[in-house]
Amino acid sequence: MRLLQCWSLLTKRVKLVVAYDGTDFCGWAANAGHRTVQGTLTEAVRRVSGEDCEIVGASRTDSGAHAKGQVCHFDVRNPMKTEDWARVLNRVMDEDIRVLTSSEVSPEFHSRFCAHARHYRYRILNTEVTPFNLRYAHYWWGDIDVEEMSRAARTLEGEHNFKAFTQDLQPTVENTTRTLFSVKVKRVRNEVWIDIAGTAFLRGMMRRISGCLLEIGRGRRQASDLVVLLSDQRDSIHWPEVLPAKGLTLMRITYGRHPKDHRTDSEED
């Protein structure tokens with residue numbers, strides 16, 4: 001049930017920037033009987049203020065995915081200084097989730113619908129596995145042609161129909177067209193990083209794009225397949241693999257100098 005905030009002169013909207021290790025969370029969205037990021041933050045606000053509120057996130061990360069710069073907001077009447085919320089909430093939460101900053105924003109600000117771009121990184125580990133390097137990356141032991149992946153990635157930039165790069169879409173989602181501002185692939189020491197920034201992402205989109213680019217880097221798929229997958233002929237070839245969520249991190253959300261509502265009924269996140 002959606003919680004409605006009764007606005008008054010005492011009500012303020014608080015924006016949080018949150019980081020979390022998603023390994024032990026069942027994703028962002030609240031789910032009864034499961035530990036989720038949204039549910040954890042909601043309970044923390046309740047413990048601190050005694051108020052029920054709705055925590056609204058900019059991106060609904062999958063179970064096992066991580067965040068360095070998730071943004072969310074909530075409405076509260078508690079008179080506590082806004083900048084103190086980060087410190088106080090961190091006191092009542094486990095250490096795998098931290099509020100980095102808290103600030104007051106206007107009532108018109110909406111963490112999800114005012115977002116200009118979401119920036120994600122997918123990490124592929126390309127070296128020996130140790131207990132310390134596999135928690136946040138997908139492991140591939142063989143050779144990877146990063147230059148070919150980088151060339152292919154440019155095909156994905158711009159506005160396209162990304163239906164072939166989705167997973168378990170809700171029946172209500174009819175528009176699968178999204179805009180990607182940049183898709184970059186680079187090797188950083190013993191890892192391959194896939195960095196993507198776009199307006200919004202469909203469920204599983206980032207992980208399937210990463211799977212497709214890795215298939216190209218392994219020589220298991222031609223770069224020309226991307227043109228087909230972005231066209232109405234997408235069902236004529238096998239869709240790419242969806243890589244595990246543990247390699248995915250939401251890096252940051254950007255809003256621009258003057259945030260405005262970009263709301264569309266079809267947005268996934």
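Which residue stands opposite T249 in β10? The residue opposite T249 in β10 is H66.

The model is predicted: local features require pLDDT of at least 70, side-chain atom pairs count only at pLDDT 80 or more, and totals for chains, interfaces and linings use all residues. Residues are numbered from 1 along each chain as its sequence is written, and side-chain values use heavy atoms, with hydrogens and water left out.

The protein chain contains five helices and 10 strands; these are DSSP runs numbered from the N terminus, with helices (H or I) of at least four residues and strands (E) of at least two. For 269 residues, a compact globule would have a radius of gyration near 18 Å, and the 19 Å of the protein chain agrees with this. That radius is taken over C-alpha atoms, and the globule rule is 2.2 Å times the number of residues to the power 0.38. Along the principal axes, the C-alpha atoms fill a box of roughly 60 × 40 × 35 Å.

Of the 269 residues, 52% are buried (under 20% relative accessible area, with a 1.4 Å probe and protein chains only). Strand β10, residues 248-254, is mostly covered, with five of its seven residues buried.

| Partner of β10 | Sense | Bridges |
|---|---|---|
| β3 (residues 66-76) | parallel | two bridges |
| β5 (residues 117-125) | antiparallel | six bridges |

Note on methods:
Buried means under 20% relative accessible area, exposed over 50%, partly exposed in between (1.4 Å probe, protein chains only). Two strands pair if DSSP finds at least two bridges between them.
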